[in-house]
Amino acid sequence: MFSRTENFKQYTKYYPIVSTLIAVNLFVYVLTILPGVGENVLNYGVQANFLIRSGEWWRVFTAMFLHAGFLHVFFNMFSLYLFGPELERIAGKVRFITIYLMSGIVGNMATYLLNDSSYGSLGASGAVFGIFGAFGALVYYTRRTMPMLRKLILPIIVISVIMTFLQSNVNVYAHLGGLVAGFLLGLVYLHPKRIISWRKQKMAGK
C-alpha cells in the first residue's frame, strides 16, 4: 500500500497533486536558501503569531510551504511522497488537496490560538498529519472489513504522535490540529457509500 514502485514518469502521471505539492515545496525551499532572496521569502511567509495578530493572515497558509532546513523539508516531503499517493487515489484530486490544505491551515490556526504572540513556526507537518488523520477515518470505516489496514495504519499514527512529544522544536499543535482536521474531513469524504458513488460517476463519465 505504501510501497512506491513507480518510476518518475509514472509517479507524476498517477499522482499529479502529490507530485505538484512536492515540487512546490522543494522549489520554495530552494528559494529560501538563495542569498538575498531566501531571507525575504521567510520573512514574508513564516508563521509569526504577533504578525498574524496584526492582520497578516496569509501566514497560516504560506507557512505550510516553508521549511527550516534540508532535513526538515526532506522528511516532510518523503512522508508526502510515501503516504500521499494512496490517499489521492482513494479520495480523488480535489478531495485530497482539500484534506491536505485544510489540515495544514487548521494546524496553523491551532498554533496561533493556543500559543502566545511570540511563537513562530513553519513546515508542512500539519498537512502531512492531515493525511494520517484521513487514513485514520478510513480505518474507522473499514475496521470490520479490512482489519489488516488497521494493523498497518494505526502504528504509523501512534508512532507519529508519540514522536511529536519526544522530539524538540516540534509544533505540537500543528501536528495534532492537522491530524484531527484530516480525520474529520476523512469521515466526510471517505464514507464507503460516497467512495462507491464517486467510482460509479467516474465510470459513467467514461
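Trainee: Does Asn 169 count as buried or exposed, and what is its relative accessibility?

Mentor: Start with the cut-off: a residue is called exposed when its relative accessible area is over 50%. This is a predicted model, and in it Asn 169 has 81% relative accessibility, so Asn 169 counts as exposed.

Trainee: Where is the place of Asn 169?

Mentor: Asn 169 sits in the loop that links helix 9 and helix 10. Look at its backbone as well: phi of Asn 169 is near 55°, a positive value in a residue other than glycine.

Trainee: Is Leu 66 buried or exposed?

Mentor: Buried means under 20% relative accessible area. Leu 66 has 3%, so Leu 66 is buried. Leu 66 also lies in a loop, the one between helix 5 (59-62) and helix 6.

Trainee: Which residues touch Leu 66, not counting residues up to four places away in sequence?

Mentor: Leu 66 touches Val 28, Thr 32, Val 41, Leu 42, Gly 45, Val 46, Leu 122 and Gly 123.

Trainee: What lies between buried and exposed?

Mentor: The class in between is called partly exposed. Met 109 has a relative accessible area of 25%, so Met 109 belongs there. Met 109 is part of helix 7. Leaving aside neighbours within four places in sequence, Met 109 is in contact with Trp 57 and Val 60. Arg 59 is 50 residues from Met 109 in sequence, with 9.8 Å from C-alpha to C-alpha.

Trainee: How many of the residues of the protein count as buried, as a percentage?

Mentor: Of the 206 residues, 45% count as buried. Some of these form the largest nonpolar core, which has 39 residues. Those with the most contacts inside this core are Leu 80, Leu 87, Phe 96, Tyr 100, Ile 131, Phe 135 and Leu 190.

Trainee: Which helices each supply at least two residues of this core?

Mentor: They are helix 2 (16-32), helix 6 (70-91), helix 7 (93-114), helix 8 (125-141), helix 9 (147-166), helix 10 (172-189) and helix 11 (192-205). Helix 8 gives the most, with 9 residues.

Trainee: What does Phe 96 touch, not counting residues up to four places away in sequence?

Mentor: Phe 96 touches Ile 17, Val 18, Leu 21, Leu 80, Gly 84, Leu 87, Glu 88, Ala 91 and Ile 131.

Trainee: How many helices and strands does the protein have?

Mentor: Count 11 helices and 2 strands. From the N terminus on, the order is α-α-α-β-α-α-α-α-β-α-α-α-α. The radius of gyration is 17 Å, close to the 17 Å that the globule rule gives for 206 residues, so the protein is as compact as a globular protein of that length.

Trainee: Which share of contacts joins residues at least 24 apart?

Mentor: Take the contacts between residues at least 6 apart in sequence; 75% of these join residues at least 24 apart.

Trainee: How many positive and negative side chains are there?

Mentor: There are 18 positive and 6 negative side chains, and the centres of the two sets lie 20 Å apart. As for the surface, the accessible area comes to about 11200 Å², of which 68% belongs to carbon and sulfur atoms.

Key:
Residues are numbered from 1 along each chain as its sequence is written. This is a predicted model: local features need pLDDT of at least 70, side-chain atom pairs count only at pLDDT 80 or more; totals for chains, interfaces and linings use all residues. Side-chain values use heavy atoms; hydrogens and water are left out. A nonpolar core is a set of buried Ala, Val, Leu, Ile, Met, Phe, Trp, Tyr and Cys residues joined through side-chain atoms within 4.5 Å. Buried means under 20% relative accessible area, exposed over 50%, partly exposed in between (1.4 Å probe, protein chains only). Helices (H or I, at least four residues) and strands (E, at least two) are DSSP runs, numbered from the N terminus. Contact means heavy atoms within 4.5 Å. The radius of gyration is taken over C-alpha atoms; the globule rule is 2.2 Å times the number of residues to the power 0.38. Accessible areas come from the Shrake-Rupley method with a 1.4 Å probe; for residues, only the protein chains shown count as cover. Lys and Arg count as positive and Asp and Glu as negative; His and the chain ends are not counted. The place of a charge is taken as NZ of Lys, CZ of Arg, CG of Asp or CD of Glu.
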